[in-house]
Amino acid sequence: MTTSFRFRRRRAVAALALTALAASVAAYADDFSFQRDFRFWPDNLVVSRSVYDNNASNVQVGQILPPDCPASSGACGVAPGAPYDGTYPEVFNDVIYDPSFGITSRIYLDQLTPNGWLIDSLEVPNSMRPAAKEGQLVTSFSSKSELGLHLSLDGKYLTFIGYVAPVNTIDVSNANTPGAVDPTNPDGQTFYRAVATVDGAGRFQFTETNAYSGDNGRAAILNNVNGQNIFYTAGNAGNGSNPQPNGIILGAGAQLIAPSDLPEALQNPGVTTPLASFSVTALGDKADKIGKDDNFRGIAVYNNVMYYTKGSGSNGVNTVYFVDTTGTACPKGVGVPVPGASLPSAPLSYNAATLQTSGLPTNMCILAGFPTALAKTATTVSFPFGIWFADANTLYVADEGDGYTGGTDLYTHAAGQTTAGLQKWVYNVSTKTWNLAYTLQAGLNLGQPYTVHNYPTGTNLATSLPWSPATDGLRQITGRVDADGKVTIWAVTSTISGGGDTGADPNRLVAIRDTLSNTTAAGAAHEQFVTLRSAKFAEVLRGVSLTPGSNTSNNRWPW
């Protein structure tokens, strides 16, 4: 009896509640990577995970960073250089010396049962494995916004974004792309970003792009229905000074990318093609720096509408947006999608002659009811990340928390947040406005430090703050609607700690069940999250999705 068959049988007969199983979920088993008979089985989960190659030689003490820094940037590193070698987790204290600091690492796609049992794990091709004809892809280990996972619109493929670079390369996440070089970027290297697709049999294809130069791509969705074959992607660009070059402005935020069927070695990416853009001038506010409002994190497609979230950066509005393909949904920057609107099928048109003075035209709207105040002036700031629609009138939004690590009160601050966690928004058909019903936090244990085997405790001498991580909120999410009137939602946690870069903290996969029809906090008072999996030493968890081939037509499951 094969391992895959045993786990399929277990999944088929399993009907235990999440809370009953959570206590019995063990630490990660050994990887079953590069199995010739690998397969994603429908209606399971996939979690993207990265593992740091804990090698002291990855960074040399005294090494001047960032690499290849051009004098024109005016921000090159000086002696005495990097204070820490490549040993985890102290290596990520080097971000204090080099703000662009990061190291590339391997990507794994872990297949789990809905209850968190590890079935097997697929390693994404990389430089530490025999060369794959398709190419290779890595992530930046401490870049917490990366590796969002999404199913294609036909449900047959998973998509995500990474870097075309070797494992253990320094500062790739802030490097330029070859076709969009910013001479003011202190990180003088060049690396393509790439969108990965993987099918149910674990076969990869990579599409290189010049988008997200100076920063990172975060998520991608493949539109491969109704004759379309395009990626919608989310991310940010720019690591230099203002004004930003045209290539940075054009390659930020929401992108439309045509998939390639060529091996990476034969690809030659051209000029980037923006999909959508938003300017706060649509709300009547004074213009921000060109391109800075398009710093997107989460994405979703629902009812033929493309949605984005923005939850970081000091510019723009942290909120939920949608792409308006009709041009009529939001004359003042706020609205709801027009019934019957179509998904975008072409790049955003723009005037190259006015790009430096006016930026890209606005073709996005803030979803009515969600925040509209500027992040730098708002009294209460949200930090939306992943989103999931249970139905046309119910939207769940992951809020990752504010990431505060400014003092010894970091834990109590995290525990006192009111918007962090899983927000439930309900649509009022009469007013055409979304309203926040409640925020689920119980069981997340916000601000409560936890221990990880072999991970240091006590005080990090580089920050004078405690090493131990604590949950600060949620990032990526996915969900399903169950036949009993409840929804099950899986989420990956965000963290705070005294580590040099909290993106390198071991985090968790959690789950919760919520009554779909409920709209009151009192009605959800007994609901709480359970922890299904915990990252080990030198590991991080990033995205979560249902497996290719899962039933996503109505998401209704029998338990």
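Predicted model: local features only at pLDDT ≥ 70, side-chain atom pairs only at ≥ 80, totals over all residues.
Local features need pLDDT of at least 70 and side-chain atom pairs count only at pLDDT 80 or more, while totals for chains, interfaces and linings use all residues. Numbering runs from 1 along each chain as its sequence is written, and side-chain values use heavy atoms, with hydrogens and water left out.

Start with the cores, meaning sets of buried Ala, Val, Leu, Ile, Met, Phe, Trp, Tyr and Cys residues joined through side-chain atoms within 4.5 Å; buried is under 20% relative accessible area with a 1.4 Å probe, protein chains only. The largest holds 41 residues, and Tyr308, Leu367, Phe370 and Leu395 make the most contacts inside it. Apart from that one sits another core of 34 residues, including Val46, Ile107, Phe160 and Leu541.

Next comes the largest pocket, at about 1,100 Å³. A pocket here is an open set of points on a 1 Å grid over the protein atoms alone, where a 1.4 Å probe fits, with protein on both sides within 12 Å along at least five of seven lines; lining residues have an atom within 4 Å of a point. The volume is the space filled by probe spheres set on the points, which are joined across faces, edges and corners. Of the 48 lining residues, Asp215, Arg218, Arg297, Ser312 and Gly313 lie nearest the centre. Strands S24 (470-482) and S25 (486-496) are the elements giving two or more residues to this lining; strands are DSSP runs of E, at least two residues, numbered from the N terminus. By type, the lining splits into 28 polar, 13 charged and seven nonpolar residues, with Asp, Glu, Lys and Arg counted as charged, Ala, Val, Leu, Ile, Met, Phe, Trp, Tyr, Cys and Pro as nonpolar, and the others, Gly among them, as polar.

Conventions:
Buried < 20%, exposed > 50% of the residue type's maximum accessible area, 1.4 Å probe, protein only. Helix = DSSP H or I, 4+ residues; strand = E, 2+ residues; numbered from the N terminus.
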